[in-house]
Amino acid sequence: MINMDFTKPLVINTHQQDWQQSPAQGVWRKPLEREAKESGHTTSIVKYAAGASFSTHHHPYGEEILVLDGVFSDEHGDYPAGSYIRNPPGSSHAPFSKPGCVLLVKLNQFDPHDLVSLRVNTNTTPWSQGQGNLMVMPLHQHAHEHVALVKWPANEVFKPHQHFGGEEIFVISGTFEDEKGKYPAGTWMRSPHLSSHHPRVSEPTVIWVKTGHLPPSH
């Protein structure tokens, strides 16, 4: 069990973590939260060396991927950095990477009724106007869960707000800030149900955000 108390806020600079060998040769990972080593609720940074592959495996409760660097592939296609992938409950694939890649991977966290298979290239998807000067790229919505990219211009300040159902953030570029600190690219944050903060940035920043999916307690 790693970081599975959802009532506590978490901030992890993933660049400061050590890589751990996975069961597949040439595939490494940094666990951020983990319920069971290979089968439970898990969030990790995963790295494929060039030419590495994983044998065909099933996702009984779904898999969510954001490609951070390189090109990730499976028998269905090639997904460059900026790709957002959802493999629904009951799906399977045999992933690999010819040039190598780095991923944010979330396993076994889908609502059982969330059965959408999704492939989004965020490099070519248009942005929409958000609140203030923010730009938003919605990626997925199911029930109370929302997933999006948010682009912040320099010196933007967002209103203080509360997180119903919690919030997860991964800082893709720039530096995200709030009254508690500054969070550089590569930082993963998890904020509990009904937590609050007053976010802002000093430099142009892009974050991946998921809201409404965390339980009130665990």
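Which residue in strand 19 is the bridge partner of Leu10? Keep that in mind as you go through these notes; the model is a predicted one.

1. Let's start with the answer: Leu10 has Arg190 as its bridge partner in strand 19. Strand 1 covers residues 10-13 and strand 19 covers residues 187-191; the two run antiparallel, with four bridges joining them.

2. Now look at the two faces of strand 1. Leu10 and Ile12 sit on the covered face, while Val11 and Asn13 are on the uncovered one. If you wonder about the every-other-residue pattern, side chains in a regular strand alternate between the two faces of the sheet.

3. Strand 19 has another partner too: strand 16, residues 167-173, is joined to strand 19 by four bridges, again antiparallel. Here you can find Phe170 standing opposite Trp188 of strand 19.

4. Zoom out and you get an open sheet of seven strands, paired antiparallel in the order 1-19-16-22-14-13-12. Strand 1 and strand 12 (128-129) are at the edges with a single partner strand each, so one side of each has no neighbour in the sheet.

5. Finally, have a look at Gly51. You'll find Gly51 in the loop between strand 4 (42-48) and strand 5 (57-59). Is Gly51 buried or exposed? Its relative accessible area is 58%, and exposed means over 50%, so Gly51 counts as exposed. Leaving aside residues up to four places away in sequence, Gly51 touches Ser97 and Lys98. Gly174 is 123 residues from Gly51 along the chain, and their C-alpha atoms are 30 Å apart.

Methods
Residues are numbered from 1 along each chain as its sequence is written. This is a predicted model: local features need pLDDT of at least 70, side-chain atom pairs count only at pLDDT 80 or more; totals for chains, interfaces and linings use all residues. Side-chain values use heavy atoms; hydrogens and water are left out. Buried means under 20% relative accessible area, exposed over 50%, partly exposed in between (1.4 Å probe, protein chains only). Two strands pair if DSSP finds at least two bridges between them. Contact means heavy atoms within 4.5 Å.
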